[in-house]
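Here is a walk through one protein model, from the pairing of its strands to its core and its aromatic rings. Please keep the sequence and the structure in view while reading.

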Amino acid sequence: MSSLNKFQTKEVLNAVLNDGEDALKVDIDNVTLDGSSLTVEMPVPSGIGHGAQTSNGSAVVIGASTEIKYITMTANHDNTGRIHFGGSGVGGASGAYLEAGDSWSAQIDNLNLIYIIATQSGDGVTFTYLT
C-alpha cells in the first residue's frame with residue numbers, strides 16, 4: 001500500500017498559493033496563474049468563413065488548406081444516415097459521427113485535417129470557422 005500523504009483540496013490550494021510565487025507553475029498555452037489570480041487569454045479571430053461538403057460513400061476532406069482557429073460542423077438536417085468524421089483514414093464505421101442536426105466544435109489549425117464519410121450517399125455537413 002502506498003504511503004502518500006492525503007490532503008484535502010483546500011489544504012493543497014492554501015499550501016500552493018501561500019508558499020511563494022514559484023509554488024505553482026502552470027504550463028498551458030494562454031493561461032497565467034499569478035498568486036491567486038488566474039488569467040486566460042483567448043486569441044481574437046481575424047475572420048469568419050463557412051462551407052458545405054457532401055459525401056458519396058468515400059472519405060472527402062471538408063475544405064482546402066485553410067489556416068483556422070476554431071470550427072463548428074453540423075450534419076445537414078435532411079441527412080438520412082450518419083456522417084463519420086476524423087482524419088484521412090476515417091471510414092463508415094470509424095471515427096466520431098454526427099446524426100442529422102448534430103453539431104461538433106473544436107479548436108483545430110487547418111480545414112484540410114477533417115474528413116467526412118456518409119453512410120448514405122449525398123448526405124453532408126455545413127461548417128463555420130474562425131481564422
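In which sense do strand β4 and strand β9 pair, and over how many bridges? Strand β4 (residues 60-61) and strand β9 (residues 115-118) pair in the antiparallel sense over two bridges. Two strands count as paired if DSSP finds at least two bridges between them. Helices (H or I, at least four residues) and strands (E, at least two) are DSSP runs, numbered from the N terminus. The model is a predicted one, in which local features need pLDDT of at least 70 and side-chain atom pairs count only at pLDDT 80 or more, while totals for chains, interfaces and linings use all residues. Residues are numbered from 1 along each chain as its sequence is written, and side-chain values use heavy atoms, with hydrogens and water left out.

The protein chain has one helix and 10 strands. Read along the sequence, the elements follow the pattern α-β-β-β-β-β-β-β-β-β-β. Contact here means heavy atoms within 4.5 Å. Among the contacts in the protein chain with a separation of 6 or more, 77% are accounted for by residues 24 or more positions apart.

The β4 and β9 pairing belongs to an open sheet of four strands, in the order β4-β9-β6-β7, with antiparallel pairing. β4 and β7 (96-98) stand at the edges with a single partner strand each, so one side of each is left without a neighbour in the sheet. Individual bridges can be traced in the view. V60 has I116 in β9 as its bridge partner, and V61 has Y115 in β9. On β6, F85 also has I116 in β9 as its bridge partner; β6 and β9 pair in the antiparallel sense over four bridges.

Other pairings involve β10. Strand β3 (residues 48-54) and β10 pair in the antiparallel sense over seven bridges, and in this pairing G51 stands opposite F127. β5 and β10 pair in the antiparallel sense over six bridges, with V125 in β10 as the bridge partner of A75.

Next comes the interior. Buried means under 20% relative accessible area, exposed means over 50%, and partly exposed lies in between (1.4 Å probe, protein chains only). Of the 131 residues of the protein chain, 24% count as buried. The protein chain exposes about 8,800 Å², of which carbon and sulfur atoms supply 49%; accessible areas come from the Shrake-Rupley method with a 1.4 Å probe, and for residues only the protein chains shown count as cover.

A nonpolar core is a set of buried Ala, Val, Leu, Ile, Met, Phe, Trp, Tyr and Cys residues joined through side-chain atoms within 4.5 Å. The largest nonpolar core has 16 residues, and those with the most contacts inside it are I62, I71, M73, L111, I116, V125 and F127. The elements that give two or more residues to this core are β5 (70-75), β6, β9 and β10 (124-130).

I62 lies in the loop between β4 and β5, and at 3% relative accessibility I62 counts as buried. Leaving aside neighbours within four places in sequence, I62 is in contact with Q53, I71, M73, L111, I114, I116, V125 and F127. With neighbours within four places again left aside, the contacts of V125 include G51, I62, M73, I83 and I116.

D109 lies in the loop between β8 and β9. Is D109 buried or exposed? D109 is exposed, with a relative accessible area of 51%. Apart from neighbours within four places in sequence, D109 is in contact with T66, E67 and I68.

The structure holds two aromatic pairs. Rings of Phe, Tyr and Trp (its six-membered ring) pair if their centres lie within 6.5 Å; planes under 30 degrees apart count as stacked, over 60 as edge-to-face and the rest as tilted. The ring centres of F85 and W104 are 4.7 Å apart and the planes are at 50°, so the pair is tilted. F85 lies in strand β6 (residues 83-86) and W104 in strand β8 (residues 103-106), so the pair ties together parts that are 19 residues apart in sequence. F85 is buried, with a relative accessible area of 7%, whereas W104 counts as partly exposed at 26% relative accessibility.
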